[in-house]
Amino acid sequence: MAESVALDPVDLHILRLLQNDARTTYRELAAEVGVAPSTCLDRVTRLRRSGVILGHRLALDPARLGRGLQALLSVQVRPHRRELIGPFVERIRALPESRALFHLTGPDDYLVHVAVTDTADLQRLVVDEFTSRREVARVETRLIFQQWDCGPLLPPTPVGVQDR
């Protein structure tokens, strides 16, 4: 597990702003947090180098790309052995329908977020790409009706300390 990085209130404010809009310029960030643009650039560079900022992603609307149906697939792999897991994970990550893949504890081994065109496409995906694999023992499908993004991810606030 990676060690946490010490962050001051300015770092936290920068992270909050960038998570809300990763296209915010250094000049805009600096003005918002009350530091010089060069200081802001130095701080963001340090946050990248320390691994706090992993990258920037473009958010797309799956429905506008013709993938209006999203689902979560709970997958049980048997036997759960390393030599089967690697190829399974590689294959699922390579599928154009796959949005996210999680390795879990509990009765299910994986949770896969997928985006497909319709129920027929979802059925094809489950049958052809999941249940046809000999290591897949079970797949349970849950349709996603609606999804919301949540607030920025910040480190836990110590008890008794207020975040600004």
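Predicted model: local features only at pLDDT ≥ 70, side-chain atom pairs only at ≥ 80, totals over all residues.
Trainee: What makes the span of α4 close to the expected one?

Mentor: Helix α4 covers residues 82-94, which is 13 residues. The expected span is 1.5 Å times one less than that number. That gives 18 Å, and α4 reaches 18 Å from its first C-alpha to its last.

Trainee: Which residues of α4 are called buried?

Mentor: Leu 84, Ile 85, Phe 88 and Ile 92. Buried means under 20% relative accessible area, so these four fall below that cut-off.

Trainee: Why are they said to lie on the same side of α4?

Mentor: Because they cover an arc of only 95° around the axis. The face turned away from the buried side carries Arg 82, Glu 90, Arg 93 and Ala 94. Those are exposed, so each has over 50% relative accessible area.

Trainee: What covers the buried residues of α4?

Mentor: The cover includes the strands β1, β2, β3 and β4, and also helix α5. Contact here means heavy atoms within 4.5 Å.

Trainee: What makes β2 and β4 edge strands?

Mentor: The open sheet has the order β2-β3-β1-β4, with antiparallel pairing. Strands β2 and β4 each pair on one side only. Neighbouring strands are turned by 20° against each other on average, direction ignored.

Trainee: How do you know that β1 and β3 pair?

Mentor: Pairing needs at least two bridges. β1 and β3 have seven, in the antiparallel sense, so they count as a pair. Gln 70 stands opposite Ala 115 in β3.

Trainee: Which strands does α5 touch as it packs on the sheet?

Mentor: β1, β3 and β4. The direction of α5 makes about 160° with that of β4.

Notes
Residues numbered from 1 in each chain as written. Heavy atoms only, no water. Helix = DSSP H or I, 4+ residues; strand = E, 2+ residues; numbered from the N terminus. Buried < 20%, exposed > 50% of the residue type's maximum accessible area, 1.4 Å probe, protein only. Arc of directions from axis to C-beta. Axes fitted to C-alpha atoms, helices over the stretch in contact; angles between N-to-C directions.
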